[in-house]
Amino acid sequence: MNERCQAENQLEHYEEDRMNSFYRLSLFFFIVPLVTTSYADENHEIGIAVTFTTEGSWNMAEGKVNWENYLNMDAQVPLWKGAVGEAGVLANQNTRLGKGKCWTVLDDPQSFSNIQTDEQIPLSPAVVGITQKISDHLTAFVGVRNMNVDYFTTPLTSLFINSSYGIFPTLADNCSLANYPEAALCLHLVWTPGNHLTIKNSLYNGRASHHWDEAFRFRPSKDGWADAFEVGYSATEHPGSVTGEYHFGAECNSTPRTRMDENTGESYRKKCFNWSCFGLIEQPLISGRCPLGLLLEGGYAPKRKNDTYLYMAAGLVCEHLIRQDDAMGLSFNRSLYNGCENENCMELTYSLPVIPHLTIQPDLQFFHITSHYHSVALLRARVDL
């Protein structure tokens with residue numbers, strides 16, 4: 001009887017959390033637009049953006065295939081003076097999962113696709129909150145946020161499909177972060193002291209989730225916390241400039257990790273302090289009709305505490321080869337893991353705008369994973385509205 005009562009109480013708490021999340025969504029999507037009618041003016045309009053990505057992948061050695069679909073919807077609504085409400089949701093459908101198969105055609109540590117997930121994702125929160133302009137150089141965001149929105153999304157990295165270009169494995173593999181498809185409650189600050197200098201800091205709840213009833217919670221005593229800091233310099237808006245983009249930062253966290261009791265052999269969860277640092281350089285090499293750029297990346301995390309302790313990458317991107325706004329990229333990345341394991345990946349990709357709002361992108365990736373060779377071919381199509 002006690003067990004039954006406990007189960008009923010847990011179910012009630014679960015349903016209560018779901019209803020609380022529903023009320024939060026109702027507040028944002030229904031009440032906020034009513035409030036904005038009093039404060040919006042002609043210079044602040046409601047903005048909506050939709051991106052749909054469909055992708056086929058093929059393991060050329062084993063003959064495995066998959067078809068994956070990704071949907072992202074974003075909306076911005078003006079609130080009071082200097083404030084904007086933001087709402088973004090995402091969804092993912094994995095055909096192999098739907099057929100009861102292994103979720104990917106290649107179980108590589110890094111994950112060869114930046115839209116790939118190991119479970120079906122319904123409409124889940126990516127960004128839901130309010131951005132407030134504090135001064136001409138400082139803005140603050142409070143709400144649920146995905147780390148991929150703010151970090152590692154530079155012009156050259158966004159061309160490549162391998163997920164390590166979306167977020168370094170020295171961060172994604174070693175702690176609980178608000179990394180796609182998950183999000184967490186966050187305080188995000190952006191300071192622009194100069195025309196080209198940007199300083200960011202993001203403080204997240206230590207547990208991220210793609211479930212509405214978990215993403216909004218703030219329990220640092222139980223979940224811990226995670227903080228990301230970055231200094232970035234960019235001068236890419238000047239055509240022909242020899243200066244590109246330069247980003248350097250660090251991430252630290254105190255989140256629960258699974259540990260093994262040496263005496264009993266039983267596992268338990270304990271909060272542990274951890275950190276990592278990262279750097280990203282995008283350097284223009286050749287300007288003119290077909291500009292050429294160099295991409296350099298590097299990340300480090302203490303080896304004794306982390307599964308992935310070193311990541312490095314280099315790539316070249318050439319634009320406007322056949323038509324305006326197309327791009328071809330060749331990159332190589334390497335990740336080192338505890339236990340003398342390593343992964344090396346070479347990626348060749350080409351992005352071609354076919355018609356307005358539609359881009360297709362064939363992609364080849366070749367892997368050397370701890371003495372084993374693999375290859376994956378992908379074809380991606382993206383619609384931007």
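Reply: Start with a pair of side chains: Asp-223 and Arg-217 meet in a salt bridge, 2.9 Å from N to O. This is a predicted model, where local features need pLDDT of at least 70 and side-chain atom pairs count only at pLDDT 80 or more, while totals for chains, interfaces and linings use all residues. Residues are numbered from 1 along each chain as its sequence is written, and side-chain values use heavy atoms, leaving out hydrogens and water.

Me: How many salt bridges does a search of the whole structure find?

Reply: The search finds seven. One of them joins Arg-145 and Asp-150, with the closest N and O atoms 2.7 Å apart.

Me: What makes Arg-145 count as buried or exposed?

Reply: Buried means under 20% relative accessible area, exposed means over 50%, and partly exposed lies in between (1.4 Å probe, protein chains only). Arg-145 has 8%, so it is buried. Asp-150 is at 8% too, and therefore counts as buried.

Me: What about Lys-133 and Asp-136, which also form a salt bridge?

Reply: Their closest N and O atoms are 3.8 Å apart. Lys-133 has 45% relative accessibility, so it counts as partly exposed. Asp-136 has 65%, so it counts as exposed.

Me: How do you know that strand 3 and strand 4 pair?

Reply: Strands are DSSP runs of E, at least two residues long, numbered from the N terminus. Two strands pair if DSSP finds at least two bridges between them. Strand 3 (residues 83-94) and strand 4 (residues 121-133) have nine bridges, in the antiparallel sense. Asn-92, for example, has Ile-121 in strand 4 as its bridge partner.

Me: Which strand do six bridges join to strand 4?

Reply: That is strand 5 (residues 138-145), and the two run antiparallel. Gln-132 stands opposite Ala-140 in strand 5. Strand 4 and strand 5 form a hairpin, with four residues between them.

Me: What makes a set of residues a nonpolar core?

Reply: The members are buried Ala, Val, Leu, Ile, Met, Phe, Trp, Tyr and Cys residues, joined through side-chain atoms within 4.5 Å. The largest core here has 26 residues, and those touching the most other members include Phe-152 and Phe-168. Strand 12 gives the largest share of this core, three residues. Apart from it lies another core of nine residues, among them Ile-161 and Cys-345.

Me: Which residues does Phe-168 touch?

Reply: Contact means heavy atoms within 4.5 Å. Leaving out residues up to four places away in sequence, Phe-168 touches several residues, including Phe-152, Phe-278 and Tyr-311.

Me: Why can Ile-322 be in a nonpolar surface patch?

Reply: Patch residues have over 30% relative accessible area and no salt bridge; like charges are joined within 9 Å, nonpolar side chains (Val, Leu, Ile, Met, Phe, Trp, Tyr) within 5 Å. Ile-322 has 65% relative accessibility, so it counts as exposed. Ile-322 lies in the loop between strand 12 (308-319) and strand 13. The patch is about 1,000 Å², and its members include Trp-58, Ile-322 and Phe-366. Strand 13 gives its largest share, three residues.

Technical notes. Salt bridge = Lys/Arg side-chain N within 4 Å of Asp/Glu carboxyl O. Areas by Shrake-Rupley, 256 points an atom, 1.4 Å probe, with all protein chains shown as cover.
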